[in-house]
Amino acid sequence: MPVPVETLSSVRSFGGEQAVLRHASEATGTDMTFSVFVPDHAEGAKLPVVWYLSGLTCTHANVTEKGDYRRACAKLGLIFVAPDTSPRGEGVADDPEGAYDFGLGAGFYVDATRDPFAQHYKMWTYVTEELPEIIGDCFPADMDRQSIMGHSMGGHGALTIGLTLPERFKAVSAFAPIVAPSQVPWGQKALGGYLGDDAAAWRRHDAVALIEDGARVPALLVDQGEADNFLVEQLKPQLLAHACEAAGIDLMLRMQPGYDHSYYFISTFMEDHLRWHAARLMA
């Protein structure tokens with residue numbers, strides 16, 4: 001039976017429908033909210049799907065309101081899906097000190113195995129299994145043509161999911177991704193907090209480690225702002241460049257002078273990424 005999905009809002013935009021929806025998630029044990037943009041299309045047509053994973057502190061709303069993707073998606077015929085970044089609600093564990101980089105809004109797209117987070121923090125299963133089933137059931141989605149992108153923590157998620165499931169995702173890109181969480185403070189806190197000391201589990205959620213361990217995709221597109229205040233300590237795109245060079249992966253790493261970590265940066269290059277995805281989804 002299809003999962004009941006509640007429409008919270010739906011508006012016309014750029015010749016399509018922008019909706020925000022909610023459903024009870026079996027994976028997280030909570031209600032989950034996500035947004036979907038569906039361009040106008042011929043009756044019976046199935047459209048390719050682009051997944052967008054957001055970063056620390058974000059919900060579905062950040063890219064929905066600031067991402068400037070609808071015009072391009074309408075022109076290119078792409079469904080755009082934006083999940084939340086963590087489970088939420090009463091009883092969902094959070095960082096005990098209220099930090100922004102762990103707990104609520106910071107699920108890191110892993111299935112937590114460490115208590116008290118293991119009960120609800122199943123974001124890998126939610127994004128790769130549960131929500132795709134809903135999108136396939138409820139929207140005119142061609143689930144044989146999917147791609148994935150993300151920002152910061154969501155860039156980490158897009159890279160690790162795309163590298164793990166290359167047969168599903170025909171294109172992978174990122175804005176200012178955390179490319180090697182095992183080697184930076186954000187990632188070390190999150191992976192340790194959610195997964196404990198399991199080194200193998202950490203490597204499965206680290207793009208650079210995945211590539212070192214044999215994961216392959218034909219190509220990656222990454223945009224990184226040179227004025228990003230997280231660049232040196234947390235993001236380290238040179239580690240991804242070195243791993244891709246050694247593995248023979250075609251990485252287009254574009255260092256963008258003057259740009260920071262914000263949605264001003266993301267929205268500037270969003271259409272470039274969507275066109276890059278569309279070329280691979282339509283091939």
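**Figure 1. Contacts of Cys 58 in the predicted model.** Contact here means that heavy atoms lie within 4.5 Å. The structure shown is a predicted model. Cys 58 touches Asp 84, Thr 85, Arg 88 and Gly 105, leaving aside residues up to four places away in sequence. The residue sits in the loop that runs between β4 (47-53) and α1 (60-66). With a relative accessible area of 7%, Cys 58 is buried. Met 153 is 95 residues from Cys 58 in sequence, yet the two C-alpha atoms are 9.8 Å apart in space.

**Figure 2. The protein chain as a whole.** This view gives the setting for the close-ups. The protein chain contains 10 helices and 9 strands. Its C-alpha atoms fill a box of roughly 50 × 40 × 35 Å along the principal axes. Of the 283 residues, 59% count as buried. Among contacts with a separation of 6 or more, 71% are between residues 24 or more positions apart.

**Figure 3. The surface and charges of the protein chain.** The accessible surface of the protein chain amounts to about 11,600 Å². Carbon and sulfur atoms contribute 50% of that surface. The protein chain carries 21 positive and 37 negative charges. The mean position of the positive charges and that of the negative charges are 5 Å apart.

Figure 4. A disulfide is a covalent bond between the sulfur atoms of two cysteines. A search of the whole structure finds 0 disulfides. For Cys 73, the closest cysteine sulfur belongs to Cys 58 and is 18 Å away, which is too far for a bond. The cut-off for a disulfide is a pair of cysteine sulfur atoms within 2.5 Å. Cys 73 counts as buried, at 0% relative accessibility. Cys 244 is also buried, and its relative accessible area is 1%. Cys 58, the partner in the distance given above, is likewise buried at 7%.

Figure 5. Ser 152 is found in the loop between β6 (141-151) and α4. Although Ser 152 is not a glycine, its phi is positive, at about 60°. Ser 152 counts as buried because its relative accessibility is 2%, and buried means under 20%. Beyond residues up to four places away in sequence, Ser 152 touches Gly 55, Phe 175, Ala 176, Pro 177, Ile 178, Trp 186 and His 261.

**Figure 6. Gly 154 within helix α4.** Gly 154 lies in helix α4, which spans residues 153-164. The relative accessible area of Gly 154 is 0%, so this residue is buried. Leaving aside residues up to four places away in sequence, Gly 154 touches Leu 53, Ser 54, Gly 55 and Tyr 109. Tyr 109 is 45 residues from Gly 154 in sequence, while their C-alpha atoms are 7.8 Å apart in space.

**Figure 7. Phe 108 in the loop between β5 and α3.** Phe 108 is placed in the loop between β5 and α3. This residue is not a glycine, yet it has a positive phi of about 60°. A positive phi of about 60° is also found at Ser 152. At 0% relative accessibility, Phe 108 counts as buried.

**Figure 8. A cis peptide bond between Asp 115 and Pro 116.** The peptide bond that joins Asp 115 and Pro 116 is cis, with omega about 5°. Pro 116 is found in the loop between β5 (79-82) and α3 (123-138), and Asp 115 lies in the loop between β5 and α3 as well. Asp 115 counts as exposed because its relative accessibility is 64%, exposed being over 50%. Phe 108, another residue of the loop between β5 and α3, is by contrast buried. Asp 115 and Ala 93 are separated by 22 residues in sequence, and their C-alpha atoms are 9.0 Å apart in space.

How values were computed:
Residues numbered from 1 in each chain as written. Predicted model: local features only at pLDDT ≥ 70, side-chain atom pairs only at ≥ 80, totals over all residues. Heavy atoms only, no water. Helix = DSSP H or I, 4+ residues; strand = E, 2+ residues; numbered from the N terminus. Buried < 20%, exposed > 50% of the residue type's maximum accessible area, 1.4 Å probe, protein only. Areas by Shrake-Rupley, 256 points an atom, 1.4 Å probe, with all protein chains shown as cover. Lys, Arg positive; Asp, Glu negative; His and termini not counted. Charge placed at Lys NZ, Arg CZ, Asp CG, Glu CD.
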